[in-house]
Amino acid sequence: MATNKNQAVIDYLITCPTILNSPLYFNFINAKDDTNQFFTDATDVYTNKNYIDGSVEKIYTFTIITFKSAADIAVVKLPGHENENLSDMTDVQNLIEWIAEQNELKNFPNFGEDCEIEEISTTTEEPKFEGIDEQTSPPLAVYSTSIQIRYIDFSKLIWR
Amino acid sequence: MAVAPINLPAHQRAERKLLITVAEWTEGSGSSTPVREILGRRTEDSSIDYNADIETTTDILGINYTDINRTQPQQDFDPFLVLGGSQLAAKLNDIRRRNAISELDQFTVYIITAFIGDATSGYAAEKHTGCTIAYNSIGGDSNVNFPISVYYSNNITTGTVDKLSDDFVFTPD
């Protein structure tokens, strides 16, 4: 039976302190401060690379949306003053740093014996600021981080 | 001997993975167990070019007569990425480091046409002994590419292999 890649990625992500310390939702939006939402993306099969031995290089992509309460306080240069919005952005950035670190360590999700992961990476160097949700109290800043996993699928090999 | 049929449903195309190239060699003079490795991991496209030497003459009636004097089959694998566990990459890199180019002609290469035959009767194969596998360059961008060319000897024994894995047994016709 094929490995459930979504479950494998969730099992992997919850080892990340940034994710572990905040509620994580799967394909669901719970717009509250400090929550993460895991959204699956559809990767076009035309991006697959077919190799002559029957193996196929594929890309699995997903996006993490993070909500952080936003403060309408100007950024000021006062000693010891920390702007909440800047600080929250750093929190979200930690996920990107963690993904890069895991890639260096070759620590990947488990996609099963027929798949070999080559690389996990974020598609951007920093989270994308999607805007402010002002319908909530307090207003929420919305950040997104897209992550892609490049792997080789060996399930169609005939040479064993 | 009758020509073996293509073992596919009518009009079904043969998948590229059914045409398999396997390199074989022995390590050291005392070893009798051959090392084998399928070629084409992470290669998207590779064909055997026969490089036929063709001579065509036309008589006074305008009729063409074409002779093929010889073929010099060659197959390129580009990219041939250096992958963990690849014994052939290790072997060729060792030769490259020593510039021992005379050792490049010690390979036996099998072409297995897995669309002919089956697991019961064996898969059609041809064995070329005394082939040369040459490395063409080494480098690349994000991964080390070590593209190679296989020069087939045309010293051919036809036969079958009993299975599609490195430990196959080749049986001559």
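How many helices and strands does chain A have? Chain A has 3 helices and 7 strands, where helices (H or I, at least four residues) and strands (E, at least two) are DSSP runs numbered from the N terminus. Before we go on, a word about the model: it is predicted, so local features need pLDDT of at least 70 and side-chain atom pairs count only at pLDDT 80 or more, while totals for chains, interfaces and linings use all residues. Residues are numbered from 1 along each chain as its sequence is written, chains are lettered from A and ligands numbered from 1 in the order in which they are written, and side-chain values use heavy atoms, with hydrogens and water left out.

Let us start with chain A by itself. Its elements follow the order α-α-β-β-β-β-α-β-β-β along the sequence. The C-alpha atoms occupy a box of roughly 65 × 30 × 25 Å along the principal axes. Of the 160 residues in chain A, 42% are buried, meaning under 20% relative accessible area, with exposed being over 50% and partly exposed in between (1.4 Å probe, protein chains only). Among contacts (heavy atoms within 4.5 Å) with a separation of 6 or more in chain A, 65% link residues 24 or more positions apart.

Now look at the charges. Chain A carries 11 positive and 26 negative side chains, and the centres of the two sets are 7 Å apart. Here Lys and Arg count as positive and Asp and Glu as negative, leaving out His and the chain ends; each charge is placed at NZ of Lys, CZ of Arg, CG of Asp or CD of Glu.

Next comes the meeting of the two chains. Chain A contributes 15 residues to the contact and chain B contributes 21 residues. Together they bury about 1,600 Å², with carbon and sulfur atoms making up 61% of that; buried area is the accessible area (1.4 Å probe) that two parts lose on being put together, summed over both. On the chain A side, Ile52(A), Ile158(A) and Trp159(A) lose the most area to chain B, together 59% of what that side buries. There are also 3 salt bridges between the chains, each a side-chain nitrogen of Lys or Arg within 4 Å of a carboxyl oxygen of Asp or Glu. Arg41(B) and Asp53(A) form a salt bridge, their closest N and O atoms 2.7 Å apart.

Finally, visit Asp67(B), found in strand E5 (residues 64-70) of chain B. Asp67(B) is partly exposed, at 42% relative accessible area. Beyond its neighbours within four places in sequence, Asp67(B) is in contact with Asp53(B), Ile54(B) and Glu55(B).
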